[in-house]
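Please look over the sequence and the model before reading on.

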Amino acid sequence: MARPEPLTENQPAPDRIPLEEVYMRMAEELAKRSTCARLQVGSVITSGDLTQVLGIGYNGNARGLPNRCDSSQPGSCGCIHGELNSLVKAGAQLPGKLMFVTASPCVMCAKSIINCNVARVYYRDAYRDPAGLDVLRQGGVEVEHYDQWRDLWR
C-alpha cells in the first residue's frame with residue numbers, strides 16, 4: 001500500500017487540491033454538526049491510499065440522548081469525541097488508516113487511535129493539551145500538523 005509522503009514547508013502549491021486537503025475540509029464541515037459548546041471537532045478516516053472514506057465523526061452526545069453537553073466544565077462536557085465517533089465506524093482491524101481531524105487528539109483518543117491501527121493523523125489546529133500528540137508518537141503513529149493549503153482553492 002502506498003503511503004502519502006510527508007509535506008515539506010516550502011513545497012509549491014499543486015495544480016489542484018490535494019486529497020488530504022479535501023478530507024481535512026470534510027472534517028471541518030463535519031465539526032459544524034457538533035453540539036459541544038466549547039470545541040467543535042470533526043474527524044474523517046480514510047484508507048491508506050486515500051481512495052475510501054472508512055468513517056466520519058464529530059463530537060456530541062450518544063445516540064438518543066439530548067443534543068447538548070452534560071456539563072459546561074472543560075473536560076467534563078460528556079461529549080463523545082469526534083475521533084472516537086469516526087473510529088467506531090472505520091473498523092479497528094484494517095491497518096494503515098489515515099485520520100484527518102480538526103483538533104489534535106487528547107490522550108484517551110490518541111490511545112484509541114493507536115489501538116485501531118491508524119498509521120498517520122493529520123490535524124488542523126492544536127488542542128490545548130499537546131500530550132495526545134506525544135502518545136501517538138510513542139505508539140508509532142505518524143503525526144502531521146496539516147495547515148499548508150488552508151486558504152487555497154476556496
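**Strand pairing and helix packing**

Arg120 stands opposite Glu142 in strand S5. Strand S4 (residues 118-125) and S5 (residues 142-145) pair in the parallel sense over four bridges, where pairing requires that DSSP finds at least two bridges between two strands. Between them, the chain crosses from S4 through helix H4 to S5 in a right-handed β-α-β crossover; right-handed here says that, with the strands pointing away from the viewer, the path from the first strand over the helix to the second runs clockwise.

This is a predicted model, in which local features need pLDDT of at least 70, side-chain atom pairs count only at pLDDT 80 or more, and totals for chains, interfaces and linings use all residues. Residues are numbered from 1 along each chain as its sequence is written, and side-chain values use heavy atoms, with hydrogens and water left out. Helices (H or I, at least four residues) and strands (E, at least two) are DSSP runs, numbered from the N terminus.

**The sheet**

- Five strands form an open sheet in the order S2-S1-S3-S4-S5, and the pairing is mixed.
- S2 (53-58) and S5 are the edge strands, each with a single partner strand, so one side of each has no neighbour in the sheet.
- On average, neighbouring strands of this sheet are turned by 15° against each other, direction ignored; axes are lines fitted to C-alpha atoms, for helices over the stretch in contact, and angles run from 0 to 180 degrees between N-to-C directions.
- Strand S3 (residues 97-103) runs parallel to S4 and is joined to S4 by six bridges.
- Phe100 has Tyr122 in S4 as its bridge partner.
- Helix H2 packs on the sheet and touches S1 (42-46), S2, S3 and S4, its direction making about 150° with that of S2; contact means heavy atoms within 4.5 Å.

- S1 and S2 run antiparallel and are joined by five bridges.
- Val44 has Ile56 in S2 as its bridge partner.
- The hairpin has six residues between the strands, and in this hairpin Leu50 takes a positive phi near 65°.

**H3 against H4**

- Helix H3 (residues 107-115) and H4 (residues 131-138) pack at an angle of about 20°, and their axes are 8 Å apart.
- H3 and H4 are therefore roughly parallel to each other (angles under 35 degrees count as roughly parallel, over 145 as roughly antiparallel, 65 to 115 as roughly perpendicular and the rest as oblique).
- Val107, Ala110, Lys111, Ile113 and Ile114 of H3 meet Ala131, Gly132, Val135 and Leu136 of H4.
- The residues of this contact of H3 with H4 are seven nonpolar, one polar and one charged (Ala, Val, Leu, Ile, Met, Phe, Trp, Tyr, Cys and Pro count as nonpolar, Asp, Glu, Lys and Arg as charged, and the others, Gly among them, as polar).

**H2 against H3**

- The axes of H2 (residues 82-90) and H3 come within 9 Å and cross at roughly 20°.
- H2 and H3 are therefore roughly parallel to each other.
- Glu83, Leu84 and Leu87 of H2 make the contact with Cys109, Ser112 and Ile113 of H3.
- The contact of H2 with H3 has four nonpolar, one polar and one charged residues.
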